[in-house]
Amino acid sequence: MSDVLMSALPRARRNARPEARQARAGAILVSPAVILLIVILILPVAVAFVLSFSDYTLGRDTLEWVGFENYADIFTRSSYRKMIVATVLYVVITVPISVGLGLGAALLIRSLKVGQNLYKTVYFLPVMASLLAMAIVWEFALHPTLGIVNRTLALGCGSSLELWPWYARSCAEGFPLWLGDRDYALWTLAFIGIWQSFGFNMVLYLAGLTSVPRDLYGAAEMDGVRAPWERFRLITWPMLGPTTVFVVTITMIRSFQVFDTVEALTHGGPAKSTYVMIYAIYEKGIAQNLVGLGAAITMLFLGFVMLISVAQRRFVERKVHYQ
Amino acid sequence: MATVQLHKIKKSFGGTDVLKGVSLDIADGEFLSLVGPSGCGKSTLLRILAGLETQSSGTVSIGGRPIDGLRAADRDLAMVFQSYALYPHLTVAENIAVPLTMRRLSGAQRLPGIGPFLPGSRSLRQEIATTVREAAEMLDIAHLLDRKPGQLSGGQRQRVAVGRALVREPSAFLLDEPLSNLDAKMRVHMRAEIAQLNRRLGATFVYVTHDQAEAMTMSDRIAVMMEGELLQVGTPDALYDRPADIRVAQFIGSPAINILPVETDDTGMIRLYGAQTGFRAGRAQIEHLGVRPEALLPCDDNELLSGRVRLIENLGSDLFVQLDVPGVPRPVTLRLPPSARGRLRPGELMHLCADRARVVGFDASGKAAPLLRAEVCAHV
């Protein structure tokens, strides 16, 4: 009796409805991806999440649960407040300028009759170069006394440039220690970040511009649109909407992740003015082996990134796709 | 409303001459079609007229006034593009309003945010909204005013593009293959609507198409272009019955005209495959005869040619019969009434004669040349 049942079972499954069969095949086909996703992405995040409630350090056998103490540290201690300020400030400076420059460069390059490829290459070079290596070059260039930046600036002393109060003061008291002064360090890093990333944005915008139908410009001309600014407002900017959302999101996430230049040039200083999140994670979690604290900062970081992605999906993407 | 003159327009891109000196006069309120195979330069000519492209030499005038130095925006023309070129992020109402806001509102009044609150802006905007609504009602798209182009069908987008063109009452309309993205049924429908629009507005229409059927059904006059030159300009009837060039004869009409390769002998008699055709050459040597399918008739005597039935196409309203004729490279097509249906079999031998008034002769260069009837000459 039971033998009959056993042999009938596989046949019954084979004769299952095609939808069920397809669903099963689909589940099998998708499983490698799901497993990889869990092992590589979700599991580590979950582990970090769990560890963020402990005082775990690498190499010690025991760990103690400390509850929300790590998080409380982040939101109460002044060094972590400085971390959030530095990170947000860096993003707020870098994103609009590098997106704006990327768009501007793309528009200018598109309007050229000759030399398009030369400019594309020149602006894209910093993107291809290793940021760590470039940071070292910048370190030389920005050296307070020997660097080419301050030496060049010093050449302007005595000229009409001194009408600018900042310039006159610098000529008298010396030009800034770009990376050693807490009023300048973050701005200097942001400058390097912009220099490095806007070429990438330019390439994305160039790609976006090629997808704008040329007939639209003809139609606008026939409709009486004369000024380039009006043309930009009526066609180029709206048609670049999807590109802009993508560029802003990517640039924001990349700015949140800034690490190379901080590690190479300032180590988070002076006075924690460039103490950005990824550097804090590295310093706490790896250099000082405070894994629990590092994990808590990581969670905060992931929260920021997730917020950006959700904002992109929810608020913007729906409004910029016209089909 | 205005006349349009093109005088010796030439255009070359790099080394290739796209337009080789095109001259054309278009009357006020006329519907003129520029027709020709793709790549013949008709769209370039239209874009030059619009001001979107500059000619290498020649003059464009509108209402007798040369406008070569004027930008497209200042030429007072409206254009409907093949792709419709609607602004995808604007609603239908905003799309149609663009030509009006650009012309009636000042730069400051157009600014987003503060523009609508500037003095005078409000009443102007209301005027524009009224004009847009009137245009939309005329085109039967008033119910779509709040939609975006992405939510419309091809035919509806077409109407919006027409609406945007007519809303500011330009002196002439330029239409660049506006129906080529529509399905066959919609195309026939819009064909009639655009022709009606021309009559209702009384404006000059310049219509570019590669479809001779569109040109034949809609136009007052047709200009046939090939390889950057105008071959013939005339009414649809004139082009169909009296083509000036063998290429015009072949381009206009569906099914195509029958071209018979012939010889002119020493006495001026025209022979087809050695047999007399009953025609004499006038001045020039005749190399080809053109006969429309409906000008051929089956008959027993006085035959022009004979051939065997190759294929019978039944269209319901007409019967098209293709014959293999010795000495003629392409099958010869003739049109018969549907009553002839049961009487023909493939492979059957048929004798044909022609409505003699409707046979056209072409000389060696492909130009139309006079034909004389052989019997008439025999009496002299």
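In what order do the six strands of the open sheet in chain B stand? The order is β6-β7-β8-β3-β9-β10, with mixed pairing.

Before looking further, note that this is a predicted model, where local features need pLDDT of at least 70, side-chain atom pairs count only at pLDDT 80 or more, and totals for chains, interfaces and linings use all residues. Residues are numbered from 1 along each chain as its sequence is written, while chains are lettered from A and ligands numbered from 1 in the order in which they are written.

Strands here are DSSP runs of E with at least two residues, helices are runs of H or I with at least four, and both are numbered from the N terminus. Two strands pair if DSSP finds at least two bridges between them.

Helix α5 (residues 154-166) of chain B lies across β6 and β7 of chain B and runs at about 175° to β6(B). Such angles, from 0 to 180 degrees, are taken between N-to-C directions of axes fitted to C-alpha atoms, for helices over the stretch in contact; contact means C-beta atoms, placed from the backbone, within 7 Å.

**The four-stranded sheet**

Chain B also has an open antiparallel sheet of four strands, ordered β12-β13-β14-β23. Its edge strands are β12 (263-264) and β23 (371-373) of chain B.

| Strands | Sense | Bridges | A facing pair |
|---|---|---|---|
| β6(B) and β7(B) (residues 172-176) | parallel | four bridges | B:A78 and B:F173 |

Notes: Two residues are in contact if their C-beta atoms, placed from the backbone, lie within 7 Å.
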